[in-house]
Structure formats: C-alpha cells, structure tokens
Amino acid sequence: MSKITKKLSSDEKKLIRQMYWRSFTLYSAVTPAKQGASGFEYSMLPAINRFYKNAEDKRKAMVRQMSYFNTNIAMVPFVMGIAASMEKKRSENKDFNEDSINAVKTSLMGPLAGIGDSLTWGVLRVLAGSIAISLAQGGNILAPIIYLLIFNIPVQLVRWYGGQLGYTLGSTLISDLYEKGLINIMTKAASIVGLVMVGAMTSSMVKFNLAWNLVVKGKTILKSQALLNQIFIGLLPLLITLLCFYLLKNKNVSINWLIIGAIVISIILALIGVV
Amino acid sequence: MYEAFIVALVVFLTVGGQELFGLTMLGRPIVIGPLIGVLLGDIQTGLTVGASLETIFIGIVNIGGASAAEPGLASALAVAFAITLHKGLAVALPLAIPLGIIGLQIKTLLYVAVVGPFASKFDSMASKGNQKGIVRLHFGLWGLQWFLYSLIPFFAMLFGSHATQVALKMIPQVIVNGLTVAGNVLPAVGMAMLMKMLWDKNISVFYFLGFVIVAYMKLPLVAVAVIAIIIAVLIAQRDYQLHKLTEQVNAKPAVQSTNDKSSNSEDDDFFN
C-alpha cells in the first residue's frame, strides 16, 4: 500500500487523513433532498482551503461540493479523494472544466453504493450478526464487541486506503487527460454516465403511488395506479422530478420552496386520500 | 427516573451516535441489548433479548434512506422493559415490532420536517462562503435531531410499557402517511439539482435511458452503471477520433503549403 502514497507530499497525506476522519460525519445532518451534502462539504473544507487562495474561488468550490451526495459509507473517502484531486487541478488551472468534478462524483456514487451496500450491509453485517448472535445466546458478554470488530475492521481499511487511492488515481489519470486536451471528452463521457445514473436513481428512489380507486356499489372498477402503470411505469415520479427540475432551472424557484411544497402537498394528498 | 435517563442516553449515543460516527452499527440490537443490560444491572437478559431482536431485525437495514423499521429505539425500550418488569423475552418481543415501526416513522418525521428544511440553509451558507456556519449547522442539526428522538425513550420509560402502547396509537395516521409520502417524493428535489448540473441538450436523452432501464428491466444500479460506462466509452472513442481528425485537418494546410510535392504520400498515410 505504500506504493499508493509514495508520490504524495506530507501535506497531501494530511489532507487525506482529515478527509478520512471528517467523512465519518457524512450523514450527521442528512436531509431528504440532498442526503450527505453537508458532510461531504465538511470533509472537503480542508482541501478547499488548502488549494484556493482567493475567497471567490473558495466560495465557488463550496457551492460545488454542497451538491446531492449519497453512497455507501465505506466508499466515501475514495470519491472524496478523487474530488479533492480534481479541485486541486481546478485551482492550478483556470481552464479546467469545473462541471467535470460533479459529473465524476455523480457517476461514481450510484455504482459504488450498489457494490458497497451489498458487501457491507448484505455480506459483512449478516456474517458479523450471525456470529455474534450465537455467542450472545451462549452468554458470552464479548458478543457485541466481536460484532463491531468483524463489521468495522474491513470497512475502516477500505475507507482508509480508499481515500489515498482515489486521490492518487484522480491526480494521475486526470492530469494525463488534461495534458492531452481530452478533458472535455472525459467530462462529456462522465456526464453521460452521471445522467444515466440520475435517471436510474429517479426510478429507484422517487416513489409516488396513487391510492385512489373508482368504486361503484362496492366494486372497484378502476384502479388509478394500475392504469398509470399500463401507460408507463413510474410516470408520476418521472413527471414530479422533471417538474422540480423545470422549476429549479427555468423558474429559479428556491430549493426551500420545493421542499416545503413537497411536504405540504404530500400531507394534503394523504388527507384527501389520493395517495 | 434513573432508568429513563439511562435508556434515553443509550439511544442518543448509539442510534444517534452511529449517524455521527459513520454508520458503524452501534445502533444494532446486539450492541444495544447488552449495553442496556450492563447499565441496568442484568447483562444476561440484555444479551439474550439483544440476540433475539438482532435475529428479528437482521434483515432490516437502512439502504439508500429506505427501511422497514428502526431497530435501535425498539431494542433499547424492549430490553429495558424486559429487565425492569422481570419478564424477559415475554414482554420484550410483543413491544419491539410496533416500536421499531413507530421509531422509524418518528425518525422520518424528524428527518423530513426538522432537518429537511435546512438543506437550503446549507446552500445559502455555501454561496456566502460561511464555513463556520456550515460546520455549526452540520453538528447542531445532529444534536437537535437525536435529542428530540431520545425524548421518546425517556418518556416511554417514565410512563411505563402500557402507556407507551396507548400513546403509539394516538398519532394521527394521516400525518404519518403524508410524511411517508413526502419522504419518498423529496429525493426528486435532489435529483433535479443533479440534473441542473449535468443537463445538456446533446446528452439529455441519456437521463431517460437510465430511468426506463430501471423502471422496466429492474436492473440493479451496478448493472445500469456498466451499461452507461459502455455507452460513454463508445461515445468517448468517437469523440476522440473526431478530435484527432480535427487536429489533422487543422494541421494539414500548413503542411501542404510548405511541402506540396509530398501530398500524395500524405494521402496514403491518411487512408492507412
């Protein structure tokens, strides 16, 4: 593993260590609309302060890193390492396409969440749980400690080395592309992956089902959700997301109003029995 | 009073604590059970009830914000009642399941109604470059959210197991339903913000590709990512060829004007 960190300066190693510790708090202020955005920002602050000298550049980087972020906790430092190395490139080079940073983040978080969740929640946690349960049933008071160790040692190793790997990979791969003038091609490719993943996440995470049915003389003659599903599965979640996007982009509606609006409308719809 | 305080503190430090310390599984029944057992002076009951509840809740885990129950609050209260009433599993199990479901709903309520509205506050702080404010709010919201959550085990212990069951039935179902719906709709706002960053009319069709793949083929995200990467690589290869071609075309006139006679051999190179 020393190979990974060989090229890093002690300053950069310190940044990656800070990212590792700060990324523990990724979900401490988790919100429905942006998930771990504030935790990602908190973890990136040392890098932002280190790379940008000018207050305006810092501010822009802070806005950029406060975007929706959600992935498996074991994979977080890896993504942060890549993001930090890209922020470094951006700070050194004004022509560096800043949109590529979020494009790369977004295209990574979905697949990493898929792999990470199945490995940590699905395999590791169940393994740790089954061992600890049998110990506890035998009256062994070490059961909870063994449970926590079995789960956390591998996860923390992945987190610790993931940050270093992401940072080194980001700086070598991305500087290489940059020198060849291929960063725009990469940004477009990453944005395509990002958009496909956002589309996929819209379908898997935004849920909205109608409960309203047309009942005549105790007979259900029309199930509204089943009818909609025949037209297009997930039509309403898609339309709701596109509406939010439209309001955000073209009407400049603040995210505050979108969130409050969604909560109020949901409660009203539940009240009148539509959902 | 002592028991109420201890149980509330354990819920705060484990269920809340794991949100602060990287989802390290502190809030699982197998950890909470023995911990409550030690603090209330009956570690064996804590261990056995904790193990039984872990078996029940082992399939329940919070993936991508979706879950079926919150096992932490349920475990803490069920173990505490099992110890204080000296009835063991007989009192713990019937309480644990409804408490797990109610716990999740209250957690969702805090998540949507208390922390949720601050998402835009974080944005405005970032756009003002207010780092101290972001850090304070980041930790402040954690403290507020889990302090409120810990009040439930505190009062539940204070009023006893029977009163807890009665109170569970009093929350208006329609409010709970509405907030559950809101919790499922709100990711749309986050998706919209990502789209705002990535959207470009040349590639916007790919958003719908991702949607339709999951909606109709139910592929897991990893498989969708592989498909997306294949498409992106193909497009990047084409763009790379275009990029090289443009470079050649731009370079060519200069070459031709200085070296007119060798143009035939250059054409050969081009087609090779």
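User: Which helices each supply at least two residues of the lining of the largest cavity?

Analyst: This is a predicted model, in which local features need pLDDT of at least 70, side-chain atom pairs count only at pLDDT 80 or more, and totals for chains, interfaces and linings use all residues. Residues are numbered from 1 along each chain as its sequence is written, chains are lettered from A and ligands numbered from 1 in the order in which they are written, and side-chain values use heavy atoms, with hydrogens and water left out. A cavity is a set of points on a 1 Å grid over the protein atoms alone where a 1.4 Å probe fits but cannot get out, and lining residues have an atom within 4 Å of a point; helices are DSSP runs (H or I, at least four residues), numbered from the N terminus. The two that each give at least two lining residues are helix 3 (37-51) of chain A and helix 6 (119-128) of chain B.

User: What is the volume of the largest cavity?

Analyst: A volume is the space filled by probe spheres set on the grid points, which are joined across faces, edges and corners. The search of the whole structure finds three cavities of 30 Å³ or more. For the largest cavity, the volume is about 50 Å³.

User: Which side chain meets that of A:Lys34 in a salt bridge?

Analyst: A salt bridge is a side-chain nitrogen of Lys or Arg within 4 Å of a carboxyl oxygen of Asp or Glu. The count between chain B and chain A is two. A:Lys34 is among the residues that line the largest cavity, and at 2.6 Å, N to O, its partner is B:Asp123.

User: Is B:Val115 buried or exposed?

Analyst: B:Val115 lies in helix 5 of chain B and touches, among others, A:Ala29, A:Val30 and A:Thr31 (contact means heavy atoms within 4.5 Å). Buried means under 20% relative accessible area, exposed over 50%, and partly exposed in between, with a 1.4 Å probe and protein chains only. Because its relative accessibility is 0%, B:Val115 counts as buried.

User: How much area do chain B and chain A bury between them?

Analyst: Buried area is the accessible area (1.4 Å probe) that two parts lose on being put together, summed over both. The contact takes 96 residues from chain B and 103 residues from chain A. Of the buried area, 78% is on carbon and sulfur atoms, and its value is about 9200 Å².

Key. 1 Å grid on protein atoms, 1.4 Å probe; cavity = no way out; pocket = protein on both sides within 12 Å on 5 of 7 lines; lining within 4 Å. Lists of a residue's contacts leave out its neighbours within four places in sequence.
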